Amino acid sequence: MIPIVYGERPFTEIYKYFSFRHKSFRRKTFAPQQLFLNFAPFLGILFFCWLPTLVKNPPQPGKYVLSIGQETMKKDPHPNAVVFIGPPGSGKGTQAEKLKGFQHISTGDLLRAEIQKQTPLGLSCKEKIEKGEMVPDSLISSLIESHFSPKILLDGYPRTVVQAEWLQDKVHISQVFFFDVDVEKLVHRLTNRRVCPSCKSVYNLVSKPPLKALTCDKCTTPLIQRADDVEEVIRNRMRVYQLETAPLIEFYDKKGVLTKLDASKDPDEIMHLIQDKIFKRV
Ligand code: AMP
């Protein structure tokens with residue numbers, strides 16, 4: 001046994017430690033190490049009681065609050081997300097292109113890139129996309145998670161309540177914008193939509209034509225019409241939207257993060273509304 005000499009009266013030791021008036025302070029003979037030894041057994045017991053909780057919830061790096069002067073910055077491992085929901089062709093992609101400061105994640109673009117590269121994922125979902133049907137959740141969630149960064153803008157995800165519930169545990173959703181527009185207007189918009197397969201810029205033959213016919217203004221690549229932008233498929237996508245995605249409006253409204261936008265307005269005006277809301281200028 002190692003002999004440990006504890007102080008006789010722990011409370012006197014505390015008093016000595018903190019009191020400027022005590023004779024031991026004046027004589028500079030107080031011993032903090034003595035005080036520690038007095039409490040070491042209690043600290044040991046506390047530590048063993050806390051151990052199971054510590055093992056269950058290990059400390060997560062970056063989860064704590066840093067105070068810098070007046071500003072308190074919360075560092076969190078979860079990305080901060082803004083979500084765009086709305087029917088196909090309601091202008092989510094166009095607005096996402098304009099919004100700076102967020103990494104734009106479009107599940108539709110990611111899936112089309114997989115198809116272009118002919119990956120197993122791309123090949124397995126090609127048929128569904130061409131018919132305007134939903135790709136299975138299990139394929140989408142791992143794809144989207146691999147693109148997370150601290151500030152993301154989700155365009156086309158979530159599309160079902162199941163996806164929204166999955167997302168809830170993965171990111172902090174600060175704003176959800178719902179692009180509200182009449183379905184017939186959308187069918188007209190989508191049949192005239194052309195996209196750049198290279199830089200993903202979006203054009204409309206009626207409302208936003210390219211400067212040179214069927215050529216991308218930004219990278220001069222010939223524009224294409226998406227396989228799912230033909231009327232029959234568009235109508236199917238609208239049906240799927242009504243059935244699966246529209247319930248998300250109520251889901252996010254209840255959480256108090258939903259902003260409804262009139263998506264038939266001028267795109268620049270819509271962008272101002274989005275920026276005002278995100279950067280709290282109103
Ligand atoms: P979009 O470019 O957003 O219109 O998406 C094109 C197609 O990709 C959709 O019609 C679906 O087949 C598929 N897709 C995109 N996002 C999702 C999603 N979150 N869940 C299931 N399927 C999706």
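# Briefing: ligand shell, helix packing, strands and loops

The structure is a predicted model, in which local features need pLDDT of at least 70, side-chain atom pairs count only at pLDDT 80 or more, and totals for chains, interfaces and linings use all residues. Residues are numbered from 1 along each chain as its sequence is written.

**Pro210 and its loop**

- Pro210 sits in the loop between strand 8 (202–204) and helix 10 (231–245); helices (H or I, at least four residues) and strands (E, at least two) are DSSP runs, numbered from the N terminus.
- Setting aside neighbours within four places in sequence, Pro210 is in contact with Tyr203, Thr215, Cys216, Asp217 and Leu223; contact means that the C-beta atoms, placed from the backbone, lie within 7 Å.
- Thr220 is 10 residues from Pro210 along the chain, and their C-alpha atoms are separated by 9.9 Å.
- Leu214 belongs to the loop between strand 8 and helix 10, and its phi is positive, near 50°, in a residue other than glycine.
- Leu214 counts as partly exposed because 13 other C-beta atoms lie within 10 Å.

**The ligand shell**

- The ligand is surrounded by 17 residues, and the closest are Thr107, Gly108, Val135, Gly156 and Arg159; a residue is near a molecule if its C-beta atom, placed from the backbone, lies within 6 Å of it.
- Helix 5 (107–116) and helix 6 (120–131) each supply at least two residues of this shell, and helix 5 gives the most, with three.
- The shell residues divide into seven nonpolar, five polar and five charged; Ala, Val, Leu, Ile, Met, Phe, Trp, Tyr, Cys and Pro count as nonpolar, Asp, Glu, Lys and Arg as charged, and the others, Gly among them, as polar.

**Helix 5 against helix 6**

- Helix 5 and helix 6 pack at an angle of about 115°, with their axes 8 Å apart; axes are lines fitted to C-alpha atoms, for helices over the stretch in contact, and angles run from 0 to 180 degrees between N-to-C directions.
- Helix 5 contributes Leu111, Glu114 and Ile115 to the contact, and helix 6 contributes Leu121, Gly122, Cys125, Lys126 and Ile129.
- Five of these contact residues are nonpolar, one is polar and two are charged.

**Strand 3 and its partners**

- Strand 3 (residues 80–85) is mostly covered, with five of its six residues buried.
- Strand 3 runs parallel to strand 5 (residues 151–155), joined by five bridges; two strands pair if DSSP finds at least two bridges between them.
- Asn80 stands opposite Lys151 in strand 5.
- Strand 3 also runs parallel to strand 6 (residues 172–180), joined by six bridges, and the partner of Ile85 there is Phe178.

**Met238 in helix 10**

- Met238 lies in helix 10 and is partly exposed, because 19 other C-beta atoms lie within 10 Å.
- Not counting residues up to four places away in sequence, Met238 touches Pro87, Pro88 and Val183.
- Met238 and Pro88 are 150 residues apart along the chain, while their C-alpha atoms are separated by 7.0 Å.

**Other loop features**

- Tyr157 and Pro158 are joined by a cis peptide bond, with omega of about 0°, and Pro158 is in the loop between strand 5 and helix 8 (161–168).
- Lys200 is in the loop between strand 7 (193–195) and strand 8, and has a positive phi of about 70° although it is not a glycine.

Conventions
Contact = placed C-beta atoms within 7 Å. Buried ≥ 20, exposed ≤ 12 C-beta atoms within 10 Å, placed from the backbone.
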